[in-house]
Amino acid sequence: MLLILSTSLIPMDREIEGFGMIMEITPFVQNLLHAPVFALLSVLWVQIMNVHQIRNRRKYILVFIIGVGFGLLNELIQGVVPGRYPSIFDMGINVVGVVMGMWFFRWIENSEPNRIRRFVCE
């Protein structure tokens, strides 16, 4: 199992069957796609905070710390993966995504409370 997970066995820039369309996306657009991914993650993390009764400003501070920490870890891991490199730009896009997700969550919850919980959990 460990050999399967080894990144040194898998070249990073080769085409993977069924994922050819991803290889056609320019690196700049790939970097911009970090924002919606981290926005979705932060929406889910805010929902988890709600489930655990963490309220108000504290939940958003925790989600921000978790999101930025996860983005930083993601970038640091890329530093040791062959064919990849960490990027300050990517980290900035990750942070923008986290903030967008928290804003989106608040906006949806203010318009219709528990809408995200119903969507995610039911």
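Modeller: Helices α4 and α6 are oblique to each other, because angles under 35 degrees count as roughly parallel, over 145 as roughly antiparallel, 65 to 115 as roughly perpendicular and the rest as oblique. Please keep in mind that this is a predicted model, where local features need pLDDT of at least 70 and side-chain atom pairs count only at pLDDT 80 or more, while totals for chains, interfaces and linings use all residues. Residues are numbered from 1 along each chain as its sequence is written, and side-chain values use heavy atoms, with hydrogens and water left out.

Biologist: At what angle do α4 and α6 pack?

Modeller: Axes are lines fitted to C-alpha atoms, for helices over the stretch in contact, and angles run from 0 to 180 degrees between N-to-C directions. Helices themselves are DSSP runs (H or I, at least four residues), numbered from the N terminus. Here, α4 and α6 pack at about 45°, and their axes are 7 Å apart.

Biologist: Which residues of α4 and α6 make the contact?

Modeller: Contact means heavy atoms within 4.5 Å. Among those taking part are Ala 35, Ser 42 and Val 46 of α4, and Asn 94, Gly 101 and Met 102 of α6.

Biologist: How do α5 and α6 cross?

Modeller: The axes of α5 (residues 56–78) and α6 (residues 88–111) come within 9 Å and cross at roughly 150°. These two helices are therefore roughly antiparallel to each other. Their contact includes Tyr 60, Val 63 and Phe 64 of α5, as well as Val 98, Met 102 and Phe 105 of α6.

Biologist: And at what angle do α4 and α5 pack?

Modeller: The angle is about 140°, with the axes 9 Å apart. That makes α4 oblique to α5.

Biologist: What is a nonpolar core?

Modeller: In soluble globular proteins, nonpolar side chains tend to be buried together. A nonpolar core is a set of buried (under 20% relative accessible area, 1.4 Å probe, protein chains only) Ala, Val, Leu, Ile, Met, Phe, Trp, Tyr and Cys residues joined through side-chain atoms within 4.5 Å. In this model the largest one has 13 residues, and Val 46, Tyr 60, Val 63, Met 102, Phe 105 and Ile 116 have the most contacts inside it. The elements giving two or more residues to this core are α4 (34–51), α5 and α6. Its largest share, 5 residues, comes from α4.

Biologist: Which residues does Met 102 contact?

Modeller: Leaving aside neighbours within four places in sequence, Met 102 touches Ser 42, Val 46, Tyr 60, Val 63 and Phe 64.

Methods
Buried means under 20% relative accessible area, exposed over 50%, partly exposed in between (1.4 Å probe, protein chains only).
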